Amino acid sequence: MRADQISDDITEVLITEEQIQDKLAELAEQVARDYEGENLLLVGVLKGAVMVMADFARHLPLHIQMDWMAVSSYGTGTRSSGVVQIRKDLDTDLHGRHVLIVEDIIDSGLTLSWLLENFASRGAESIEVLALLRKPDAMKVEVDCRYVGFDIPNEFVIGYGLDYAEKYRNLRDVAVLAPHVYS
Ligand code: XMP
Ligand code: MG
């Protein structure tokens, strides 16, 4: 779906489809250099990271494995509850593995800091994070994210995997949700 099809629901397109692809290609080059010769496991965080994973993984000139985890900290609202719940766990044993967590967005950072601790306790050899988006002004906890696509303002965004109440995930771009939609 394209932004002009939902122009009443958004205030602006923040990042276009093309900008996203260029950035993911650039990050993939960097990751390929950093993990050359390693057996890398990409862990996508469902459901928001589905688009990032699909496109980033295809830009990567490396053999990788892929796994998925589903956690929730948001329900259907627009604010983090801070309570992280595992809805679907990994199928892969992380012991001795090089793990790259693939995320759509770091907002408060609460989900990710919880995931990092959880993965460390499973004996991963290394754990790094790639996030397409980050909201520096919203972060409540410091998380070390090695690969960041775009730093964005502290506004609720949708599209490219990101939803509001499960809607808009299939928008091609990242856009700012109009306040009248959620207020
Ligand atoms: P934090 O970092 O606050 O974020 O723990 C956890 C998850 O919340 C979702 N999230 C958003 N989803 N627009 C969305 O559609 C947003 O602006 C937004 N901010 C956070 C996202 O799934 C993230 O992984
Ligand atoms: Mg997410």
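**Backbone, fold and core**

Modeller: Ala165 counts as exposed, because it has 12 C-beta neighbours inside 10 Å. The cut-offs: a residue is buried if 20 or more other C-beta atoms lie within 10 Å of its own, exposed if 12 or fewer, and partly exposed in between, with C-beta atoms placed from the backbone. This is a predicted model: local features need pLDDT of at least 70, side-chain atom pairs count only at pLDDT 80 or more, and totals for chains, interfaces and linings use all residues. Residues are numbered from 1 along each chain as its sequence is written, and chains are lettered from A and ligands numbered from 1 in the order in which they are written.

Colleague: Where does Ala165 lie?

Modeller: In the loop between S8 and S9. Helices (H or I, at least four residues) and strands (E, at least two) are DSSP runs, numbered from the N terminus.

Colleague: What is phi of Ala165 near?

Modeller: Phi of Ala165 is near 50°, a positive value in a residue other than glycine. Glu166 also has a positive phi, near 70°. Glu166 lies in the loop between S8 and S9.

Colleague: Is Glu166 buried or exposed?

Modeller: Exposed, because Glu166 has 8 other C-beta atoms within 10 Å.

Colleague: Where is the cis peptide bond?

Modeller: From Leu46 to Lys47, with omega near -5°. Lys47 is found in the loop between S2 and H2. As background, most residues other than glycine have a negative phi, and most peptide bonds are trans.

Colleague: Changing topic. How many helices and strands does the protein chain have?

Modeller: 4 helices and 9 strands. Along the sequence the pattern reads β-α-β-α-β-β-β-α-β-β-β-β-α.

Colleague: What about overall size?

Modeller: The radius of gyration is 16 Å, which agrees with a compact globule, because 183 residues would give a value near 16 Å. That radius is taken over C-alpha atoms, and the globule rule is 2.2 Å times the number of residues to the power 0.38. Along its principal axes the C-alpha trace spans about 50 × 35 × 25 Å. Buried residues make up 32% of the 183 residues.

Colleague: What share of the contacts comes from residues 24 or more positions apart?

Modeller: 66% of the contacts with a separation of 6 or more. Two residues are in contact if their C-beta atoms, placed from the backbone, lie within 7 Å.

Colleague: Now H1. Which of its residues are buried?

Modeller: Ile20, Leu24, Leu27, Ala28 and Val31. Seen down the axis of H1, its buried residues fall within an arc of 110°, so they line one face of the helix. The arc is that of the directions from the helix axis to the C-beta atoms.

Colleague: And the face turned away from the buried side?

Modeller: There H1 carries the exposed residues Glu18, Asp22, Gln30 and Arg33.

Colleague: What covers the buried residues of H1?

Modeller: The cover includes strand S1 (10–15), helix H2 (50–59), strand S5 (98–106), S6 and S7.

Colleague: Which residues touch the most other members of the largest nonpolar core?

Modeller: Phe56, Leu100, Ile101, Val102, Leu130 and Val157, out of 45 residues. A nonpolar core is a set of buried Ala, Val, Leu, Ile, Met, Phe, Trp, Tyr and Cys residues joined through C-beta atoms within 7 Å. Elements giving two or more residues to this core include H1, strand S2 (40–46), H2, S5 and helix H3 (110–120).

Colleague: What does Ile101 touch?

Modeller: Val43, Val45, Leu115, Ile127 and Val129, not counting residues up to four places away in sequence.

Colleague: Back to Val157. What is its bridge partner in S9?

Modeller: Val176. 2 bridges join S8 to strand S9 (residues 174–177), and the two run antiparallel. Two strands pair if DSSP finds at least two bridges between them.

Colleague: What is the strand order in the open sheet of 3 strands?

Modeller: S1-S9-S8, with antiparallel pairing. The edge strands are S1 and strand S8 (157–158), and each pairs on one side only. 4 bridges join S1 to S9, and Ile10 stands opposite Leu177 in S9.

Colleague: Last one. Where is Met139?

Modeller: In the loop between strand S6 (126–134) and strand S7 (147–151). Met139 is partly exposed, because 17 other C-beta atoms lie within 10 Å. Met139 touches Ser108 and Gly109, not counting residues up to four places away in sequence.
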